[in-house]
Amino acid sequence: IGPDSDIVLDEFVYNPETDAGKVSASVTKGVFRFITGNIGKKDPSAMDVKLPAGTIGIRGTIVAGQVGLDGTSLVVLLGPGPAASGARVGAFDLSNSQGSVFVDKPGFGSTLRGENVPPTPPAFVPPEQMKAILSDLAPKTNAARAEEGKQMMAERLAQKLTGDDKEGEGKEGEGKEGEGGMERGGRGGR
């Protein structure tokens, strides 16, 4: 999952001796990617993902998507991973009480805009939209984290120098919890 995303793993059962199992999850906001793996390979119907306005049935493949704050959900077929040369592309179906669509072409997707609206017909997802989803799923390198840290420190220093240092003001024990513990004014850490 990506940053600021919420997912609940409702059920995960797997028998490594038979590759039988079931996966059921719920995504309520943010970006996500699901890979069916051995469970989906053995029984594609054993992998279901709930969205705010419907469900995804993932059928032996990789899908990615995004759930907006308003519950609108975009789901895109990525196809088999790079290590699966010659593997079938797979597919997914996106459904709710108003209808269902079947997507079996990589790079195509469908959108759910609400419980009382059917999923959109499969359509090509523009590269910039695909890039935005996938970049949120990519792990950050140490260099990227370091650059973000430098930028944050530079912004804080500029605020202090200009007298616009509102963040962290307050009594002892008040403050915002941050990545590395408590910011100025707080106690404790992780």
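Modeller: Let's begin with burial, where buried means under 20% relative accessible area, exposed over 50%, and partly exposed in between, using a 1.4 Å probe and protein chains only. Thr 36, with 8% relative accessibility, falls in the buried class. This is a predicted model, in which local features need pLDDT of at least 70 and side-chain atom pairs count only at pLDDT 80 or more, while totals for chains, interfaces and linings use all residues. Residues are numbered from 1 along each chain as its sequence is written, and side-chain values use heavy atoms, with hydrogens and water left out.

Colleague: Where is the place of Thr 36?

Modeller: Helices (H or I, at least four residues) and strands (E, at least two) are DSSP runs, numbered from the N terminus. Thr 36 sits in the loop between strand E2 (20–35) and helix H1 (37–42).

Colleague: And which residues is Thr 36 in contact with, leaving aside neighbours within four places in sequence?

Modeller: Contact means heavy atoms within 4.5 Å. On that basis, Thr 36 meets Met 47, Ile 58, Gly 60 and Thr 61. A polar atom of the Thr 36 side chain also lies 3.1 Å from the backbone nitrogen of Thr 61.

Colleague: How should I read salt bridges, and how many does the count come to?

Modeller: Side chains of opposite charge can pair when their charged atoms come close. The rule asks for a side-chain nitrogen of Lys or Arg within 4 Å of a carboxyl oxygen of Asp or Glu. The count is 2 salt bridges. One joins Asp 10 to Lys 50, with the closest N and O atoms 3.5 Å apart. Asp 10 belongs to strand E1 (residues 6–15) and Lys 50 to strand E3 (residues 47–51), 40 residues apart. Asp 10 is partly exposed at 40%, and Lys 50 is partly exposed at 37%.

Colleague: What does Arg 59 form a salt bridge with?

Modeller: Its partner is Asp 93, at 3.2 Å between the closest N and O atoms. Arg 59 lies in strand E4 (residues 54–59) and Asp 93 in strand E7 (residues 91–96), so the pair ties together parts 34 residues apart in sequence. Asp 93 is buried, at 18% relative accessibility.

Colleague: Which residues touch the most other members of the largest nonpolar core?

Modeller: A nonpolar core is a set of buried Ala, Val, Leu, Ile, Met, Phe, Trp, Tyr and Cys residues joined through side-chain atoms within 4.5 Å. The largest has 22 residues, and those touching the most other members include Phe 32, Leu 51 and Val 75. Its largest share, 5 residues, comes from E2.

Definitions and conventions: Polar contact = N/O pair within 3.5 Å; in protein donor to acceptor, adjacent residues only side chain to side chain.
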